[in-house]
Amino acid sequence: MAKAFQDFKYLTFDVVGTLIDFEGGLKDCLSQIGAEVGVTVDGEAALALYRKARYAPDVGLFPDDLVRVYLQIAPDLNLPSEQRYGERLRNSAKSWKGFADSTDALARLATRYRLIAMTNAQRWAFEYFSMELGSPFYASFTADDTGTEKPDPAFFEKVFAFVESEGNGRGDILHVAQSQYHDIAVSRKLGLTNCWIERRHAQKGYGGTIEPESFTKPDFHFTSMAGLADAVEESKAA
């Protein structure tokens, strides 16, 4: 049986895909490039190509790797295979938007918990994401900081060490994420209580996120961050 919301001291968050609408950002940038060269870009098809390219053996750190990804997927989208467009896709991360409910929900949750960001993005991009979200985080861990990416358990171990340095443990953490592959499955294996934010609940497939080998039933399940924040506040009032 899942713990109650009042049992946690920390909420740890996946950022890209859970709080930041990276799929919307990618599709918008590719569509803009397409419009300039007279090509209509199918957003979902672009995400499928992105997903395949992003999880190839020769990937780099995200979002710098978007330059390579663009050059790989551009021919299939009938877009120009030019370095400048790949750099444009990478740099678009600076202006990616948070989901409509992210900033308010984080502000509400921050009154009760210490919020920790856990992102596979590089530090330079995370700083833009954090500002977009209202800079709500108590601490943050990026791919640069950990030297690895989720779902590698070593990423989580860095966070556990930080929490332990404050005299607490993994039992004090509720991990919040949209990716079954990167977060929900591994957090379960590591003994964390988790909360799945099913951002694509109204869409088919996994979009830009790799499909997991099997589905992991989360401890908590919401289709929005607002749903989580509402549930926390309701539990506090009860």
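In this predicted model, the chain carries 26 positive and 34 negative side chains. The centres of these two sets lie 2 Å apart. The accessible surface of the chain comes to about 10600 Å². Carbon and sulfur atoms account for 49% of that surface.

The overall dimensions were examined next. The C-alpha trace spans about 55 × 35 × 35 Å along its principal axes. The radius of gyration of the chain is 18 Å. A compact globule of 238 residues would have a value near 18 Å, so the chain agrees with that expectation. Of the 238 residues, 53% count as buried. Contacts were also sorted by distance along the sequence. Among contacts between residues at least 6 apart, 70% join residues at least 24 apart.

The secondary structure comprises 10 helices and six strands. Helix 3 covers residues 66-73. This helix is mostly covered, with six of its eight residues buried. The buried residues are L66, V67, R68, V69, Y70 and I73. Several elements contribute to their cover. Among them are helix 1 (22-37), helix 2 (43-54) and helix 4 (83-91).

Most residues other than glycine have a negative phi, and most peptide bonds are trans. The loop between helix 2 and helix 3 holds P63. The peptide bond from F62 to P63 is cis, and its omega is near 5°. The loop between helix 3 and helix 4 holds N78. N78 is not a glycine, yet its phi is positive, at about 60°. The relative accessibility of N78 is 59%. Exposed residues are those over 50%, so N78 counts as exposed.

Further cases of these two kinds occur later in the chain. S135 lies in the loop between helix 6 (123-132) and strand 3 (139-141). Phi of S135 is near 50°, a positive value in a residue other than glycine. S135 has a relative accessible area of 48%. P151 is placed in the loop between helix 7 (143-146) and helix 8.

Helix 8 itself runs over residues 153-165 and includes S165. The relative accessibility of S165 is 58%. S165 therefore counts as exposed, since its value is over 50%. S165 and R90 are 75 residues apart along the chain. Their C-alpha atoms are separated by 35 Å.

Cysteines were considered last. A disulfide is a covalent bond between the sulfur atoms of two cysteines. The structure holds zero disulfides. C29 has a relative accessible area of 4%. Buried residues are those under 20%, so C29 is buried. C195 has a relative accessibility of 0%. C195 also counts as buried, because 0% is under the 20% limit.

Note on methods
Residues are numbered from 1 along each chain as its sequence is written. This is a predicted model: local features need pLDDT of at least 70, side-chain atom pairs count only at pLDDT 80 or more; totals for chains, interfaces and linings use all residues. Side-chain values use heavy atoms; hydrogens and water are left out. Helices (H or I, at least four residues) and strands (E, at least two) are DSSP runs, numbered from the N terminus. The radius of gyration is taken over C-alpha atoms; the globule rule is 2.2 Å times the number of residues to the power 0.38. Buried means under 20% relative accessible area, exposed over 50%, partly exposed in between (1.4 Å probe, protein chains only). Contact means heavy atoms within 4.5 Å. Accessible areas come from the Shrake-Rupley method with a 1.4 Å probe; for residues, only the protein chains shown count as cover. Lys and Arg count as positive and Asp and Glu as negative; His and the chain ends are not counted. The place of a charge is taken as NZ of Lys, CZ of Arg, CG of Asp or CD of Glu. A disulfide is a pair of cysteine sulfur atoms within 2.5 Å.
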